[in-house]
Amino acid sequence: MISLNNKALLEMPITDFIISSDKVAHVQSGNSAEHGLLVLTKTGYSSIPVLDVKYRLQGLLSAKMITEAILGLERIEYDKLANLKVEEVMEREVVYLKVTDSFQRALDLVINHAFLCVVDEAGTFVGIMTRRIILKQLKKYIYTQIHS
Ligand code: 2BA
């Protein structure tokens, strides 16, 4: 049993582990769902952040949200895509991190979310923290404890 006998990791600020906004694929709430589907398909990500024109976090978009919105009784109504806005289909209830949050909060939340959006004091999107980054950091810390 590994004993994490100090709180250094849990209290660490998250700032060093954020993937900055310029590297994160995103869409704007006013974009068409067709554009959203294009970005999701081209990047290969299952879910991406939705921002407004001032770069404030508005929600999350996935391909599932789009297909559900254009699902007819017997077929997928692709012709609806161009007139449907991202803001009409996105998930608005988003769990997010503040830049000032600790690693512990990120660790708690990443159990149920593959990634977390990070916003500054003004609500501006600064990037994401992924499950991969958090696990990598946790692994590094555990290995250091074992070998120290
Ligand atoms: P998913 O798209 O479901 O991806 C799950 C995992 O698959 C990713 O875990 C990553 O390890 C791998 N993966 C998927 N697409 C990839 C790609 N194009 N290049 C490299 N690896 C890829 P995480 O890295 O922990 O990411 C968790 C979630 O964060 C992703 O879930 C995605 O929704 C989001 N994400 C990660 N990086 C992003 C970025 N640059 N822009 C937008 N969203 C991102």
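Select F17 first. F17 counts as buried, at 12% relative accessibility (buried means under 20% relative accessible area, with a 1.4 Å probe and protein chains only). This is a predicted model, where local features need pLDDT of at least 70, side-chain atom pairs count only at pLDDT 80 or more, and totals for chains, interfaces and linings use all residues. Numbering runs from 1 along each chain as its sequence is written, and side-chain values use heavy atoms, without hydrogens and water.

Now show both rings. A search of the whole structure finds one aromatic pair (ring centres of Phe, Tyr or the six-membered ring of Trp within 6.5 Å). F17 and F103 form this pair: 5.9 Å centre to centre, 75° between the planes, edge-to-face (planes over 60 degrees apart). F17 sits in the loop between α1 (8-11) and β1 (19-20), while F103 belongs to helix α5 (residues 103-110), 86 residues apart. Helices (H or I, at least four residues) and strands (E, at least two) are DSSP runs, numbered from the N terminus.

Next, select the ligand and its shell. The ligand is surrounded by 14 residues, and K23, A25, S46, S47 and R132 are the closest (a heavy atom within 4 Å). β3 (47-51), β7 (125-130) and α6 (131-147) each supply at least two shell residues.

Zoom in on the polar contacts (N or O atom pairs within 3.5 Å). A ligand nitrogen lies 3.0 Å from a polar backbone atom of K23. A ligand oxygen is 2.9 Å from a polar backbone atom of R132.

Definitions and conventions
Phe/Tyr/Trp six-rings, centres within 6.5 Å; stacked < 30°, edge-to-face > 60°. Buried < 20%, exposed > 50% of the residue type's maximum accessible area, 1.4 Å probe, protein only. Polar contact = N/O pair within 3.5 Å; in protein donor to acceptor, adjacent residues only side chain to side chain.
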